[in-house]
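User: Hi! Could you walk me through this structure while I have it open? I'll jump around a bit.

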There are 2 protein chains.
Amino acid sequence: MLSRLNILQCHVTSQPAPENLLDKYRKMSTIDQKLMDDIDYLGYKNITEMFEAPLKSDPVFVKETHEELNREQDREAAVMKMKAMYNHLSPYFFEDMNRYEEVFTDPIKFNALAIPLYMYNQGVSTKYTVNLVLFYMTVLNLGTAQHEKWKESISTGRDLGCFALTELSHGSNVRGIQTTATYDQERDEFIINTPNDVAMKFWIGGASKSATVSAVFANLIIGDKNEGPHVFIVPLRDKKTYNVLPGIIIGDCGKKVGQDNIDNGFILFNNFRIPRENMLNKMSNVTREGKFETKIPNPDHRLALILGGISQGRILIIGFSPRIIGYGLKIALRFAAMRRQFGKPGDKEEIPLIEYPLHQYRLFPYLANIFAFKLASNEIYYNWNEISKDLFDTKAQQSIGELHATISSLKAIHSWTAMRALQECREACGGLGYSYYSKLGILRANWDVQQTWEGDNNVLLQQTAKYLLDVIQAKFKGKELKTRWQQWVSSEPVEGAQNESKTDEEFLQDDNLLKVFYHRSNLLLQRSAMKMAGKVSDKTVHPLDAWNDTQVFNLHHLAKSYGELFGVMQFHKFIQKLKSGEIKTNADTVEAMTLLFQLHCLTRIEADLGTFRDGDYLTSEHGDLIKQTILKLLGQVKRHAIALVETFYPSEELFDSMIAPGNGDLYGSIINRIYYSKDAFGKIKNWDQCLSPVATAPEATTGKSKQ
Amino acid sequence: MLSRLNILQCHVTSQPAPENLLDKYRKMSTIDQKLMDDIDYLGYKNITEMFEAPLKSDPVFVKETHEELNREQDREAAVMKMKAMYNHLSPYFFEDMNRYEEVFTDPIKFNALAIPLYMYNQGVSTKYTVNLVLFYMTVLNLGTAQHEKWKESISTGRDLGCFALTELSHGSNVRGIQTTATYDQERDEFIINTPNDVAMKFWIGGASKSATVSAVFANLIIGDKNEGPHVFIVPLRDKKTYNVLPGIIIGDCGKKVGQDNIDNGFILFNNFRIPRENMLNKMSNVTREGKFETKIPNPDHRLALILGGISQGRILIIGFSPRIIGYGLKIALRFAAMRRQFGKPGDKEEIPLIEYPLHQYRLFPYLANIFAFKLASNEIYYNWNEISKDLFDTKAQQSIGELHATISSLKAIHSWTAMRALQECREACGGLGYSYYSKLGILRANWDVQQTWEGDNNVLLQQTAKYLLDVIQAKFKGKELKTRWQQWVSSEPVEGAQNESKTDEEFLQDDNLLKVFYHRSNLLLQRSAMKMAGKVSDKTVHPLDAWNDTQVFNLHHLAKSYGELFGVMQFHKFIQKLKSGEIKTNADTVEAMTLLFQLHCLTRIEADLGTFRDGDYLTSEHGDLIKQTILKLLGQVKRHAIALVETFYPSEELFDSMIAPGNGDLYGSIINRIYYSKDAFGKIKNWDQCLSPVATAPEATTGKSKQ
């Protein structure tokens with residue numbers, strides 16, 4: 001092989017060093033890194049840097065595109081990486097054990113913590129999060145003093161935890177889980193049981209091969225009474241031998257489309273016994289005498305609170321959507337700056353892809369999305385703690401409901417957009433985007449699951465719609481709900497209204513753009529409320545049927561529109577602060593942000609122009625104006641595009657894509673990578689069979705039976 | 001493990017046999033299988049069956065979701081499968097060697113041939129196609145009697161061929177390739193050379209490990225003159241040892257996002273010599289004396305003809321898009337019929353997903369797309385032979401141009417839609433859609449490449465736009481181009497026109513729906529022409545800049561709209577034949593097709609309502625009508641949905657998805673599959689390190705340098 005490389009190196013004529021296009025585009029604008037960091041880390045970049053350091057220093061953290069492991073190896077590696085991260089950080093946490101709680105319960109800090117591992121390898125990050133957040137936080141949120149030992153064993157690495165909620169036949173509808181925890185007063189134990197095969201716990205991350213203990217959701221049965229789902233700590237394996245405990249069956253859910261380094265498993269319990277103390281009993285408790293006591297008498301409300309812990313997973317998705325888009329765009333836009341294709345006849349050089357308006361139109365709107373999404377998630381981060389500290393306070397339920405509804409919509413909108421963005425990035429890099437080493441395919445395959453886990457997007461949007469209906473119905477009844485973000489909701493009919501702007505300039509003003517989004521959400525909300533009312537007034541129609549029949553074009557669309565509106569609201573607020581000087585930065589950054597705000601609003605309007613034109617709220621001329629303005633904006637954003645993606649995480653040392661090297665040498669990077677990739681040279685192993693003389697196969701095409 | 005399974009089997013309470021929902025939905029409608037077959041196989045189902053038989057009988061054809069191989073094994077397996085298919089079919093081809101030509105040159109027969117292997121495993125099918133179609137057909141189309149030996153060696157399996165067109169720095173812009181073939185008159189040879197490293201042939205399917213010979217595109221150099229790209233047969237490996245020949249460097253392009261069982265490679269030629277006879281010289285020739293002769297003096301036209309062979313790959317994509325959507329939908333809709341989630345309080349059973357209007361809205365429009373796309377591809381199949389027989393006839397260039405433009409648009413529209421459909425199918429199956437064994441992830445990852453190979457979709461659409469501009473410009477000049485499908489093009493201004501229907505019924509009539517699509521394409525065509533004319537009239541603007549600046553919202557949109565229009569035209573024609581009785585079938589089938597035609601038209605209009613409302617061609621009330629009608633249609637289509645997908649390829653024996661078993665036993669299928677999947681039970685190999693006591697890692701978070 002080496003001799004071949006030598007031949008090659010002697011043989012190819014070296015070309016004159018090409019112009020460093022990446023540098024050229026980079027230097028077109030100066031984006032304020034400090035402001036970008038403020039948006040990204042909210043003041044906790046030090047936490048990010050601390051969690052990033054091991055990724056740079058410890059050789060176990062091989063770059064993701066450089067690893068080509070089979071499933072088994074991949075899972076072993078994931079455990080070792082999780083463990084390594086754990087070990088590197090233990091001094092920080094062990095110095096003050098309250099830091100676990102401090103960092104994991106505050107989404108601002110948790111965001112800063114999660115960035116490095118998440119952007120390094122989504123599967124490893126998930127593994128870390130399932131163990132330390134889902135399991136640990138469940139014990140923290142729902143347990144009492146008697147469960148301290150589990151928190152300790154997880155935080156000191158003497159247990160690996162998993163989170164056993166979903167079952168084979170109940171994924172979205174977790175209310176319908178069938179696993180039982182029956183209290184046996186005689187022995188003061190709970191009997192955990194899987195009543196039938198479809199009630200097996202399914203998709204449980206970490207369960208199949210590595211977790212030693214699990215937080216199991218099961219219906220609490222006392223005597224004849226089912227008190228609904230509660231959470232129980234159930235040990236799974238003998239920690240000395242790692243064998244599964246008798247009375248439990250654990251297996252693997254098999255190969256997945258992505259995040260295949262997580263050992264998702266299924267669990268069946270065969271009347272497995274645990275001590276009474278293993279019930280997480282902060283909210284509800286069973287006494288020695290078998291008496292059920294609860295602070296939250298309403299079972300629906302109780303379940304909502306028990307499931308509250310998942311919300312933290314959702315806000316992580318909300319925040320990581322723009323960051324993963326940022327990673328994809330950093331790849332695709334760097335590539336677009338370096339890759340030339342086609343040109344004017346007679347010109348010496350072809351034209352870089354980034355110069356093509358169509359290419360800009362494919363990618364720049366996602367650059368705009370990023371800021372709307374980051375600002376939206378920051379708004380959630382900021383409000384989370386204040387609202388969620390009152391989790392068990394019934395008076396705080398309106399705030400919690402609003403937060404939950406908002407998170408539900410954002411989780412759906414952001415995760416879907418990220419998926420589309422990654423797909424567009426991959427296509428925008430052509431065939432080279434199809435290389436595993438571009439990382440785009442990896443990002444996409446791993447990201448894909450975000451759309452259906454932690455609450456299926458389409459199901460979550462129904463929860464948003466339900467909340468918004470409550471808001472307008474209260475308003476219709478003259479009773480205002482206390483809200484934080486619903487100042488846009490109007491009970492004045494908007495059907496038939498026209499946008500009030502009189503000139504193009506007026507239309508394009510920030511406040512008017514915001515109003516346009518207000519209008520759409522009000523229109524959809526009022527229509528949905530009316531349609532629901534109409535259907536429900538027919539007593540023969542079941543409310544659930546009315547609900548389901550009002551989804552398409554109405555409630556579903558409403559809930560999506562709200563998520564978009566929320567991002568526009570936060571982006572708008574940010575732009576006003578920039579313009580007023582409340583946030584100080586340089587002129588390039590103000591320009592870039594202002595352009596992106598407009599681009600975000602206008603491309604979102606354009607994508608749903610049919611709805612905005614409903615009842616002629618916008619006119620055909622508005623449509624033209626929007627399109628012309630988008631074209632103008634694309635040309636203006638170009639100058640900032642590369643400078644912007646260069647501010648995104650990760651920096652060069654951890655950045656991992658063959659087709660987007662930071663030094664601008666696109667082809668050098670590709671050649672260097674593929675020459676040294678696995679099995680780069682040689683012949684296929686079964687080469688001696690490749691040209692075997694064609695067999696006569698007289699029977700072959702008849703129905704010889706197959707094994 | 002077995003004892004565990006026994007425990008399980010003893011332990012879980014068997015549930016009462018659940019209702020066979022799949023059967024229930026299946027029986028709701030009777031779809032005419034014969035008509036569906038006519039659409040799918042165009043009278044050549046016998047060819048499909050012949051190529052399908054080995055997949056059923058030969059154990060080498062393991063179902064795709066049942067194989068979990070590493071890259072190397074996967075590639076070996078792909079060679080063996082290709083070879084097996086080859087062997088099984090050799091009796092058929094060897095009986096009459098003209099059959100190669102007959103089957104491969106007729107897209108109707110080739111479609112029938114390709115279905116089984118393509119739907120079995122896209123990578124294996126690609127491998128087969130590269131060898132037997134791309135290589136063989138290139139020799140057939142561009143070679144002469146002196147190249148018979150290559151056709152023979154490929155068809156008898158004594159060579160494996162590849163198609164070396166694209167280079168590292170030239171993918172879309174193949175006109176820019178830099179490889180040279182210099183005529184050496186003294187030795188009567190061509191010298192094939194890679195002038196610099198970015199000119200290496202790149203992404204060449206089959207090249208890295210298995211191909212022995214390649215069709216190389218290189219600029220023909222005679223003396224000082226570059227006669228542009230021509231094709232040369234270049235042997236790559238010593239067939240006795242399978243070593244790469246001296247003077248050639250071949251390596252692997254590395255891991256890919258999908259179709260990773262194809263050994264895509266790069267090739268560098270170091271002044272490698274081939275005999276003069278290896279130039280494919282049907283169109284152009286170099287004499288012994290070094291004189292260049294050509295039948296096609298225009299080099300652009302010549303290149304277009306040389307590249308014509310790729311068009312066949314494109315029509316394969318056009319035809320396989322609806323079939324791959326069909327596979328995905330067969331999975332997702334069967335799943336939707338069997339999977340229950342949520343229900344009315346108090347009801348014993350939850351509701352199957354297929355009953356939810358939102359779920360219907362997510363999937364049924366793709367069911368409608370399938371028929372538009374199949375009928376569109378059939379129209380291309382039918383016309384291909386008649387048009388392409390005149391390939392070298394300059395008088396036939398108008399027809400060829402139209403065919404090429406239409407294929408370009410359809411390839412883009414169909415392949416994109418298939419990608420979106422597969423993504424929606426995966427999401428519609430929730431977490432279970434993320435299982436590798438659902439096959440949805442495999443279909444998607446393999447399909448993804450279709451959007452950027454065989455001509456990048458966004459580049460192809462420019463070729464469509466170019467043709468359409470020529471048509472309208474000719475019309476404006478009063479000179480009608482002879483066209484086959486452009487009767488919709490109007491030189492009467494349509495800007496500001498309103499749809500002529502007076503009532504809802506009139507609006508929804510088939511002819512009116514077709515007119516709505518005519519209108520959009522005319523609007524975009526006239527606007528694009530006007531914008532181009534406006535820009536070009538400014539002499540300071542380079543025509544290429546004018547062209548690029550007119551893409552977004554105009555030419556690009558126009559080209560996409562034409563592809564959609566084409567499908568609607570073919571679907572419309574088909575529906576008229578059904579209604580008139582020209583095509584005879586049963587009442588259910590007529591109803592289903594009629595509903596799907598409406599659903600297809602209305603959902604496509606709804607998706608781009610902003611444009612249809614431009615200039616108020618459609619009103620806000622039309623928008624309402626469209627939405628209400630879609631909702632009604634979804635409810636009506638439900639009855640036919642499962643019966644329809646049941647008619648799609650493949651039938652049960654080859655159908656491969658854990659989450660969509662034909663016997664209706666969803667959970668039985670899942671449990672059975674995962675219990676017997678690889679490494680289903682046990683512990684992680686490095687389990688003894690999982691709980692290792694947490695190390696103190698004092699230096700870890702500082703900048704220790706990494707290897």
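**Chat about the model**

User: Let's start with H19(A). How many of its 30 residues are buried?
Analyst: Helix H19(A) is mostly covered, with 24 of its 30 residues buried. Keep in mind as we go that this is a predicted model.

User: Which residue is the kink in H19(A) centred on?
Analyst: The kink is centred on His557(A), and the bend there is about 35°.

User: How far apart are the end C-alpha atoms of that helix, and what span should its 30 residues have?
Analyst: The end C-alpha atoms of H19 (residues 551–580) of chain A are 41 Å apart. At 1.5 Å a residue, the 30 residues should span 44 Å, so the two values agree.

User: And what comes just after H19(A)?
Analyst: That is Gly581(A), which takes a positive phi of about 85°.

User: Changing topic: which residue does UniProt list for "active site"?
Analyst: The unreviewed UniProt entry lists Glu454(A). In the model, Glu454(A) sits in the loop between helix H14 (440–447) and helix H15 (457–476) of chain A.

User: What is Glu454(A) in contact with, leaving aside its neighbours within four places in sequence?
Analyst: Glu454(A) is in contact with Ile310(A), Gly313(A), Arg314(A), Ile317(A), Lys411(A) and Leu460(A).

User: What about its backbone: where is phi of Glu454(A)?
Analyst: Phi of Glu454(A) is near 55°, a positive value in a residue other than glycine.

User: Where else does a residue other than glycine have a positive phi near 55°?
Analyst: One of them is Asp616(B), with phi near 55°. Asp616(B) lies in the loop between helix H22 (609–612) and H23 of chain B.

User: OK, now the "binding site" annotation. Which residues does it cover?
Analyst: In the unreviewed UniProt entry, the annotation covers Thr166(A) and Gly205(A). They are spread over 40 residues of sequence but cluster in space, with a largest C-alpha distance of 10.7 Å.

User: Where does Thr166(A) lie?
Analyst: Thr166(A) is in the loop between strand E1 (161–164) and strand E2 (180–184) of chain A. Its relative accessible area is 23%, so Thr166(A) is partly exposed.

User: And what does Thr166(A) touch, not counting residues up to four places away in sequence?
Analyst: Thr166(A) touches Gly171(A), Val174(A), Met200(A), Lys201(A), Phe202(A), Trp203(A) and Ile204(A).

User: Let's look at the two chains together. How many residues are in contact?
Analyst: On chain A, 167 residues are in contact with 167 residues of chain B. The area buried between the chains is about 14,200 Å², and carbon and sulfur atoms give 59% of that.

User: How many salt bridges does the rule find across the interface?
Analyst: The rule finds 14 across the interface of chain A and chain B. Arg444(A) and Asp448(B) meet through their side chains in a salt bridge, at 2.7 Å from N to O.

User: Last one: where is there a cis peptide bond?
Analyst: In chain A, the bond from Tyr649(A) to Pro650(A) is cis, with omega near -5°. Pro650(A) is in the loop between helix H22 (620–646) and helix H23 (666–675) of chain A. In chain B, a cis peptide bond joins Tyr649(B) and Pro650(B), with omega about -5°. Pro650(B) is found in the loop between helix H23 (620–646) and helix H24 (666–675) of chain B.

Definitions and conventions
Residues numbered from 1 in each chain as written. Chains lettered and ligands numbered in written order. Predicted model: local features only at pLDDT ≥ 70, side-chain atom pairs only at ≥ 80, totals over all residues. Heavy atoms only, no water. UniProt positions renumbered as here; feature names shortened; annotations may be inferred. Helix = DSSP H or I, 4+ residues; strand = E, 2+ residues; numbered from the N terminus. Contact = heavy atoms within 4.5 Å. Expected span 1.5 Å × (residues − 1). Bend = angle between axes of the 7 residues up to and from the residue. Buried < 20%, exposed > 50% of the residue type's maximum accessible area, 1.4 Å probe, protein only. Buried area = accessible area lost by both parts, 1.4 Å probe. Salt bridge = Lys/Arg side-chain N within 4 Å of Asp/Glu carboxyl O.
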